[in-house]
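Take a moment to look over the chain before reading on. The paragraphs below start with the whole and then move to single residues.

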Amino acid sequence: MGQSPRPHQIPVVVLAGFLGSGKTTLLNHLLHRSGGSRIGAVVNDFGAIEIDAMAVAGALGDSTVSLGNGCLCCAVDAGELDLYLDRLARPETGIDVIVIEASGLAEPQELVRMVLASENPRVVYGGLVEVVDAAEFDATRAKHPEIDRHLALADLVVVNKLDRATDAERVLRQVRSLTDRAAVVPATYGRIDPEFLFDCRPSEERIGQLSFDDLHDDAHDAHGPDGEAHGHAGHLHTGYDSLSFVSDVPLDPRRLMRFLDSRPEGLYRIKGYVDFGAHDPRNRYAVHAVGRFLRFYPEPWAPGAGRLTQLVLIGSGIDAPLLGKELEACRSDAPHTVDEHGMWGVLRYVQDPDEPDPGADDVPGLDSEPLYDPESEPLYDPESEPLYDPESASEA
């Protein structure tokens, strides 16, 4: 039986940060700048009155799951969160990305573990975004020293309210010193480019649901909360860089893994498809990387399709030309160099569809542990049946 493409997976982004850092402001900004994409949200207030949920409910309607009077990482287990994710990830909802807005007192690492433990084949971990209040950073760090640990876990750090900080450059330098290769993005009023977090779809109206673009009010966006006009200053200034890489020559899996294992500070997202040529002539490999989280998805080449590697890299402060040269160095059109061990590095990050995701225990996105252990599996044989069967995965 032939393979069919894997089911579309919705990224689940964990949005964390201490009280007052600007998480809800950032989420509302994403809603207004979604570019036609549909955002579902799990909003978790700490307290009986769900203020944050009220702030986004008008935009999201029935695409919101609200959890009040408790901290999500303490009050809900992984199985319960899976129920909420299943509700939002149903195909009929048309949702493109799910954002879990944690309470200001949540433990980010536990939330990431819960997402990685999800048994829903329609979702995939989309990264941990930590929001920092630049104006109150010193005071917050003195009161909550655990912020250092949170920053070290983050895939993307949004340093918010920079316009109110007395020494913005010092805060940015200090935050960067506390992260582990995460992209650090300066912001005011929570304004970051949504492309950092998800693929913005072309604006379109979908029957039966409110288009988020309808919520956008240019007149309102041209003014800050103080009511004063900001003009161009109100637009997106995140300093993010992107690189598109296309190759009609297959990539060598060992070289690519060396590139991925050494990816630089600030490189937040990698997405696309890789052709490994004779190393696996039957499949192309979709790649999904957020921060240090990495996963490959083998899927069969479409009959008659051109065989290309197509990758997009997105980050903050990255050297795009240098990364392009490093990817060029991964090209190899020498099939005689293929051996049975060549794909092992890639296969470490292919989840066996018959096994539960080990991320619930190991948090591979945070400690770089592989999702797949080749030593526990037979040697890869390019002439055997493909390792991954999306049909069986979707039925599991």
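Asp275 lies in the loop between strand 9 and strand 10 (residues 283-290). Keep that residue in mind; the text returns to it after a wider view. The model is a predicted one.

Start with the whole protein. Its secondary structure comes to 15 helices and twelve strands. Of the 396 residues, 51% are buried. Among contacts with a separation of 6 or more, 79% are between residues 24 or more positions apart.

Five strands form an open sheet in the order 8-12-9-10-11, with antiparallel pairing. Strand 8 and strand 11 (residues 293-300) are the edge strands, and each pairs on one side only. On average, neighbouring strands of this sheet are turned by 10° against each other, direction ignored. Helix 11 (residues 320-328) packs on the sheet. That helix touches strand 8 and strand 12, and its direction makes about 25° with that of strand 8.

Six of its eight residues are buried, so strand 12 is mostly covered. Which strands pair with strand 12? Strand 8 (residues 240-247) is joined to strand 12 by eight bridges, and the two run antiparallel. Strand 9 (residues 267-274) pairs with strand 12 over six bridges, also in the antiparallel sense. From strand 12, Val312 is the bridge partner of Ser244. Thr309 of strand 12 stands opposite Ser247. Leu313 of strand 12 stands opposite Ile270. In a regular strand, side chains alternate between the two faces of the sheet.

Next, follow strand 9 to Val274, which lies in that strand. Is Val274 buried or exposed? Val274 counts as buried because its relative accessibility is 1%, and the cut-off for buried is under 20%. Beyond residues up to four places away in sequence, Val274 touches Leu251, Leu256, Arg284, Tyr285, Val287, Thr309 and Leu311. Pro298 is 24 residues from Val274 along the chain, and their C-alpha atoms are separated by 9.4 Å.

Back to Asp275. This residue is buried, yet has no salt bridge. What is the nearest side chain of opposite charge? That is Arg307, 5.4 Å away. Why does this pair not count as a salt bridge? A salt bridge needs a nitrogen and an oxygen within 4 Å, and Arg307 is 5.4 Å away. Leaving aside residues up to four places away in sequence, Asp275 touches Pro250, Leu251, Trp301, Arg307, Leu308 and Thr309.

Salt bridges do occur elsewhere. A search of the whole structure finds eleven. One of them joins the side chains of Arg149 and Glu107, at 2.8 Å from N to O. Arg149 lies in helix 7 (residues 147-153), and Glu107 lies in the loop between strand 4 (residues 97-101) and helix 5 (residues 108-116), so the pair ties together parts that are 42 residues apart in sequence. Arg149 counts as partly exposed, at 39% relative accessibility.

Another salt bridge joins Asp138 and Arg170, whose closest N and O atoms are 2.6 Å apart. This pair links distant parts of the chain: Asp138 is in helix 6 (residues 137-143) and Arg170 is in helix 8, 32 residues apart. Asp138 is partly exposed, with a relative accessible area of 40%. Arg170 is partly exposed too, at 28% relative accessibility. There is also a network: salt bridges that share partners join Asp86, Arg90 and Arg122. Within it, the side chains of Asp86 and Arg90 meet at 3.8 Å, N to O. Asp86 is partly exposed at 27%, and Arg90 is partly exposed at 37%.

Finally, look at the backbone. Most residues other than glycine have a negative phi. Lys161 has a positive phi, near 60°. Lys161 lies in the loop between strand 6 (residues 156-160) and helix 8 (residues 168-178). Lys161 counts as buried, at 18% relative accessibility. Arg181 also has a positive phi, of about 70°, although it is not a glycine. Arg181 lies in the loop between helix 8 and strand 7 (residues 183-186). Its relative accessible area is 31%, so Arg181 is partly exposed.

Conventions. Residues are numbered from 1 along each chain as its sequence is written. This is a predicted model: local features need pLDDT of at least 70, side-chain atom pairs count only at pLDDT 80 or more; totals for chains, interfaces and linings use all residues. Side-chain values use heavy atoms; hydrogens and water are left out. Buried means under 20% relative accessible area, exposed over 50%, partly exposed in between (1.4 Å probe, protein chains only). Helices (H or I, at least four residues) and strands (E, at least two) are DSSP runs, numbered from the N terminus. Two strands pair if DSSP finds at least two bridges between them. Lys and Arg count as positive and Asp and Glu as negative; His and the chain ends are not counted. Contact means heavy atoms within 4.5 Å. Axes are lines fitted to C-alpha atoms, for helices over the stretch in contact, and angles run from 0 to 180 degrees between N-to-C directions.
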